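Reader: Hi! Could you walk me through this one while I have it open?
Author: Happy to, let's bring it up.
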Amino acid sequence: MTDRLSELTAAGVAIWLDDLSRVRLSSGGLDQLRREQHVVGVTSNPTIFAKALSDADEYNWQLGDLATRGVDVEEAVRMLTTYDVRWACDVMRPSYDGSNGVDGRVSIEVDPRLAHEAEKTVAEAKALWWLVDRPNLFIKIPATEDGLPAITATLAEGISVNVTLIFGLDRYSQVMDAFLAGLEQAKANGHDLSKIGSVASFFVSRVDTEVDKRLEKIGSAEAKALRGKAAVANAQLAYERYGKVFSSDRWQALADAGAHPQRPLWASTSTKNPDYRDVIYVEELIAPGTVNTMPESVIHAYAEHGETRGGDTITGSYDAARKVFTDLESAGVDMADVIATLEREGVEKFEASWLELIDGVKKSLTEAARGAGRPNEAASGNARAAEAAGGNA
């Protein structure tokens, strides 16, 4: 049988899982994906955690302990989520060690309500770094205008960062500049640059969703012919910018000091339109030095019928991608407004998921305080805690 995921890896794409839950951890499912499906990293977000905590009883023992201690809901959320992320870091540690710290990373996001408060974002990033206490952690910081100085300041502290919610090319250039500035400050602060990692999470499918909606509204044959083209073209041009920045003299000075490049990470790669090929945002975005974080369903779909097509499907596409943007403008699509809309909605969606998570944990704490849950859960939970803590630190 053809190992399509192995072919994708050989083409330079790091396969990461866009999901995390305690059930996945306790069942060994995450470790199985690492061992058998070439998964070398994990991303999480408030939506993923909200779903995980609402779907499983695996959290009951810890909720019971937190309720007994009388902690507030905000602290409870952090204790629950950092527990999972710490455990996942230990599961992914072999990938981290085997790649000299490039892969094997697990991401946790700062409170999305802080997306426009740089100082508080940095403080929370530091707190999460302390709480998880694993070298293969990524702190996710949104790429809002106010997030840019927070990215630089966090990296300057020697903390690895996953920059999230990037939709536009100009903002992506700003993110790369913030990364370089952060590493320059980290070097000045005496940090070992080889220990600091970063990815820039460039969102894909949401671009098509928003642009296609506008093309449908325009309604002309020319407009409809452009459906499903904007997202890939946008990401391809992002990779072009990546190539220019990470071949510059400024970057080379940091590379000579041991730094790893900030890889572009293709996020939101599940197909939202059922008319599109289910692995289009993987097949069309293959290039060396990239990361593609996928839901498990997309990983399995690619394993079944993905086409790597000999390797790089991005380099050489830049002129065609620029034509897509020219045609979109001619059709009446304001891409600047598309990007601004997606960034605003992206932050709002994660804020809503965070509030949903808080509300769910608050209700669970109330139930736990009333004595809900099985009597043996604390003991079994303590055993799992020992198992997680006993991993590679």
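Author: What follows is a chat about the core, a helix, some salt bridges and a few strands of this predicted model.

Reader: Great. Which residues have the most contacts inside the largest nonpolar core?
Author: Those are Leu30, Val85, Ile139, Val211, Leu328 and Val361, in a core of 129 residues. Helix α18, residues 335-369, gives the largest share of this core, with 12 residues.

Reader: And what is Leu30 in contact with, leaving aside its neighbours within four places in sequence?
Author: Leu30 touches Leu17, Leu20, Arg24, Leu25, Val42, Ala88, Val91 and Met92.

Reader: Nice. Switching to α10: how far apart are its end C-alpha atoms?
Author: They are 29 Å apart. Helix α10 has 20 residues, 169-188, and at 1.5 Å a residue it should span 28 Å, so the two values agree.

Reader: Which residues in α10 are buried?
Author: Quite a list: Leu169, Arg171, Tyr172, Val175, Met176, Ala178, Phe179, Leu180, Ala181, Gly182, Leu183 and Ala186. Just after α10 comes Gly190, with a positive phi of about 90 degrees.

Reader: Okay, charges now. How many salt bridges are there?
Author: The count comes to 28 salt bridges.

Reader: Is Asp31 buried or partly exposed?
Author: Asp31 counts as partly exposed because its relative accessibility is 24%.

Reader: What about Glu216, which residue is its salt-bridge partner?
Author: Glu216 pairs with Arg227, the closest N and O atoms being 2.5 Å apart. Glu216 sits in helix α11 (205-218) and Arg227 in the loop between α12 (221-224) and α13 (230-245), so the pair ties together parts that are 11 residues apart in sequence. Glu216 is partly exposed, at 40% relative accessible area, and Arg227 is also partly exposed, at 36%.

Reader: Let's move on to Gln37. Is Gln37 buried or exposed?
Author: Gln37 counts as buried because its relative accessibility is 19%, and buried means under 20%. Gln37 is found in the loop between α3 and β2 (39-43). Leaving aside neighbours within four places in sequence, Gln37 is in contact with Leu5, Ile15, Gln32, Ile299, His300 and Ala303.

Reader: How many residues of β2 are buried?
Author: 4 of its 5 residues, so β2 is mostly covered.

Reader: Last one: which strands does β2 pair with?
Author: β1, residues 13-18, pairs with β2 in the parallel sense over 3 bridges, and Ile15 has Val39 in β2 as its bridge partner. Strand β3, residues 105-109, also runs parallel to β2, joined by 2 bridges. There, Gly41 has Arg105 in β3 as its bridge partner.

Note on methods: Residues numbered from 1 in each chain as written. Predicted model: local features only at pLDDT ≥ 70, side-chain atom pairs only at ≥ 80, totals over all residues. Heavy atoms only, no water. Expected span 1.5 Å × (residues − 1). Buried < 20%, exposed > 50% of the residue type's maximum accessible area, 1.4 Å probe, protein only. Core = buried A, V, L, I, M, F, W, Y, C linked by side-chain atoms within 4.5 Å. Contact = heavy atoms within 4.5 Å. Salt bridge = Lys/Arg side-chain N within 4 Å of Asp/Glu carboxyl O. Pairing = 2+ DSSP bridges.
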